[in-house]
Amino acid sequence: MLLRRIISASVQSFRHVAYVQGQSPAPKIREYFYYIDHEGMLFLDDARIKNFTSCFKEKQFLEFFFKRLKLNDTDRYRDEFPFLSVCGRERNYIRCDDLPIVFTHIVQDNDAGDRIAYAHGSDKMSVPWQPDRICMFPDTGRVYHPAPERYGAIGLVRSKLAIELSSSFTFQNGEDRPPTHLRWKANDFELDQHWWKETYIGRGLPKDN
């Protein structure tokens, strides 16, 4: 139920909503509004130009911001901004192009185990890399990987990393179907074709692979 709410909110058409950055709906409360694009970059929602120049880059801020990210459980802007990051007296409302967690790069460590990092923050913002649980949907070309439960259990893989991984896919069922294997560090991993189905229900994805 939690994930269905995340997905239905994040993919709906964004309706214009009136707000003022820094507005105060109650004493000592400030509200700000943010947007996460499909590359995982964080912007002020009303920024006219959204590119690398205008995104937030300070790693300490990003780590602080994302560690507090959760579903919007308030009665304000829930439909338009389905996520929230509470930082002291600031309420930071968030919408996104796809999902709030976007994986940006893989941190390779043969001793401690590889990890996949997200949100352009420090490498501390990462989860264990699971090459057998990568999934790609041919209808969109987008690639996904498990994320922490508090973020909805699934995250998008940014385009650059997805392209790098796609060169190692095997499509035993045909290229119009999801990949069946991923080659990683000289090993062929059979991809789990089921973990995402309940997580990503309602997205119009293939049902019978």
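This note sets out numbered points on the fold and packing of a predicted model.

1. Overall make-up. The protein chain has 209 residues, and 47% of them count as buried. Its secondary structure consists of 4 helices and 14 strands. The accessible surface is about 11,100 Å², with 49% of that area belonging to carbon and sulfur atoms. Among contacts with a separation of 6 or more, 51% are between residues 24 or more positions apart.

2. An open sheet is formed by strands in the order 8-7-6-11-10-9, and its pairing is mixed. Strand 8 (126-128) and strand 9 (135-136) each have a single partner strand, so one side of each has no neighbour in the sheet.

3. Strand 6 and its two partners. Strand 6 (residues 102-107) pairs with strand 7 (residues 115-118) in the antiparallel sense, over 4 bridges. Across this pairing, Ile106 stands opposite Ile116 of strand 7, and Phe103 stands opposite Tyr118. Strand 6 is also joined to strand 11 by 2 bridges, and these two strands run parallel. There, Val102 has Leu156 of strand 11 as its bridge partner, while the partner of Phe103 in strand 11 is Val157. Strand 10 against strand 11. Strand 10 and strand 11 pair in the antiparallel sense over 4 bridges. In this pairing, Tyr144 stands opposite Leu156 of strand 11. Leu156 is also the bridge partner of Val102.

4. Helix 3 over the sheet. Helix 3 (residues 159-166) lies across strand 6, strand 7, strand 10 (143-146) and strand 11 (154-157), and runs at about 55° to strand 6. Which residues of helix 3 are buried? They are Leu161, Ala162 and Leu165. Viewed down the axis of helix 3, these buried residues fall within an arc of 100°, so they line one face of the helix. Lys160 and Ile163, on the other side of helix 3, are exposed. The cover over the buried residues of helix 3 includes strand 6, strand 7, strand 10 and strand 11, together with strand 12 (169-170) and strand 13 (181-184).

5. Strand 12 and strand 13 run antiparallel and are joined by 2 bridges. Phe169 stands opposite Leu182 of strand 13. Strand 12 and strand 13 are also among the elements that cover the buried residues of helix 3.

6. Helix 2 and its cover. In helix 2 (residues 59-67), the buried residues are Leu62, Glu63, Phe65 and Phe66. Seen down the axis of helix 2, they fall within an arc of 165°, so they line one face of the helix. These residues pack against strand 1 (30-36), strand 2 (42-44), strand 3 (69-71), strand 4 (83-87) and strand 5 (90-96). The reader may note that Glu63 is listed with the buried residues of helix 2.

7. Leu62 in detail. Leu62 belongs to helix 2. Its relative accessibility is 1%, and it counts as buried because the cut-off for that class is under 20%. Which residues does Leu62 contact, leaving aside its neighbours within four places in sequence? The contacts of Leu62 are with Leu42, Phe56, Lys57, Ala119, His120, Gly121 and Met125. One of these, Leu42, is 20 residues from Leu62 in sequence, and their C-alpha atoms are 8.5 Å apart.

8. Cysteines and disulfides. How many disulfides does a search of the whole structure find? The search finds 0. Cys55 is buried, with a relative accessible area of 9%. Cys135 is likewise buried, with a relative accessible area of 5%. In general terms, a disulfide is a covalent bond between the sulfur atoms of two cysteines.

Note on methods
Residues numbered from 1 in each chain as written. Predicted model: local features only at pLDDT ≥ 70, side-chain atom pairs only at ≥ 80, totals over all residues. Heavy atoms only, no water. Buried < 20%, exposed > 50% of the residue type's maximum accessible area, 1.4 Å probe, protein only. Contact = heavy atoms within 4.5 Å. Areas by Shrake-Rupley, 256 points an atom, 1.4 Å probe, with all protein chains shown as cover. Pairing = 2+ DSSP bridges. Axes fitted to C-alpha atoms, helices over the stretch in contact; angles between N-to-C directions. Arc of directions from axis to C-beta. Disulfide = S-S within 2.5 Å.
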